[in-house]
Amino acid sequence: MSGSSRLTEEEVERYARQLVLPQWSEAAQLALGAARVLVVGLGALGSPVALYLAAAGVGRIGLLDDDRVERSNLARQLLHGPADVGRPKVESAVASLRALHPHVVLEPHELRIAEENAVALVAGHDLVLDCSDSFATRYLLNDACCQTGVPLVEAGVLGFDGLVLSIQPGSSACYRCAFPLAPPPAVARSCAEGGVLGALAGVIGSLQALEAIKLLTGVGRPATDALLQVDGLDLTVTRVHLQRRADCPACGPAHPRSSTL
Amino acid sequence: MALHRLDVRDRLCPLSWVVTKLTLERLAPGETLVVTVAPGEAVELLPRSAREAGHEVSVAGTTITICRR
Ligand SMILES: [Zn+2]
């Protein structure tokens, strides 16, 4: 489906239920097919994200994770099954996604994102989805996306709380604009330590996939300059307005993007 | 303006409308598409979908004429 100006007969059938949407079009579907995205983290968020993006027809999906599947992952990480325990997550993710969609191009990266490789990994993608479970990775990806101009859909879950934030570098508030400082260590627990309910991660990851699809197709209005907070216990959703910070070290004018590429 | 024809008698809902919609997207505004549908629900559903999408529609039996908006 790469670069073609028409959907094939098989694609028309496969995507019929989204093609029938009044806001959708063949052009929107072809834009998804031509898109190359990077999913960072193949756990509770990365599972619904990668599954929904592949199912919706995103053409190329990069899959980044350096972990192996553990039994304690299975209650919420739907890319992996009991037979995958001990296997690298990228391998089991490729197998699951391949089973779901035989034509999607999958680009596995069995490694950890770090200061040395972040910009190079992000560059060349049309969009990045942060499905990691660490604040350090959030700031790294945010800064790499701001530097390269690649849109980023940020999300996080902890306990029964989740958040989603779409970032169009250079035109909307970035993660550092929203959270200039990392939380103190007491709050900065990782998901590995804190509890997470799989269904909540499913909701947040699905919202993240929805935002990515909107950004890639131009359909609808992505939640840029906004922080969506979901409280799963009370099932309340709060949308907090965000503003770019003129002095933001990541996206502020003092650090024009792409100058160091 | 050219007149375009489409036969969706072998398509079930929603594919009959999907194929019609994609064909309309490829036409210029004001161009006309004549769609042949199978007797049954498509006779009612397809014109309704086309009208909801803002096109001008006329129905004669199982022949549906759609003027792209
Ligand atoms: Zn910023």
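Here are a few notes on the zinc site and the aromatic rings of this predicted model.

1. Start with the metal. Four cysteines hold the zinc ion through their SG atoms: A:Cys174, A:Cys177, A:Cys248 and A:Cys251, at 2.2 to 2.3 Å. The angles among the four donor atoms run from 97 to 120°, and the site is tetrahedral.

2. Now look at where those donors come from. Along the chain they follow the spacing C-x2-C-x70-C-x2-C. A:Cys174 sits in the loop between β6 (161-167) and α8 of chain A, while A:Cys248 is in the segment after β8 (236-241), so the two link distant parts of the chain, 74 residues apart. A:Cys174 counts as buried, with 0% relative accessibility, and A:Cys248 is buried too, at 2%.

3. Next, the rings. There are two aromatic pairs over all chains. One of them joins A:Tyr139 and A:Tyr175 edge-to-face, with 5.2 Å from centre to centre and 65° between the planes. A:Tyr139 belongs to helix α7 (residues 135-148) and A:Tyr175 to helix α8 (residues 175-178), so this pair ties together parts that are 36 residues apart in sequence. Both tyrosines, A:Tyr139 and A:Tyr175, are buried.

4. A:Tyr175 also pairs with A:Phe179: the ring centres are 5.0 Å apart and the planes are at 45°, so this pair is tilted. A:Tyr175 is buried at 3% relative accessibility, whereas A:Phe179 is partly exposed at 26%. Together, A:Tyr139, A:Tyr175 and A:Phe179 make up one aromatic cluster.

Definitions and conventions: Residues numbered from 1 in each chain as written. Chains lettered and ligands numbered in written order. Predicted model: local features only at pLDDT ≥ 70, side-chain atom pairs only at ≥ 80, totals over all residues. Heavy atoms only, no water. Phe/Tyr/Trp six-rings, centres within 6.5 Å; stacked < 30°, edge-to-face > 60°. Helix = DSSP H or I, 4+ residues; strand = E, 2+ residues; numbered from the N terminus. Buried < 20%, exposed > 50% of the residue type's maximum accessible area, 1.4 Å probe, protein only. Donors = N, O, S within 2.8 Å, 3.2 Å for Na, K, Ca; no water. Tetrahedral: all angles 85-135°; square planar, octahedral: opposite > 155°, others 65-115°.
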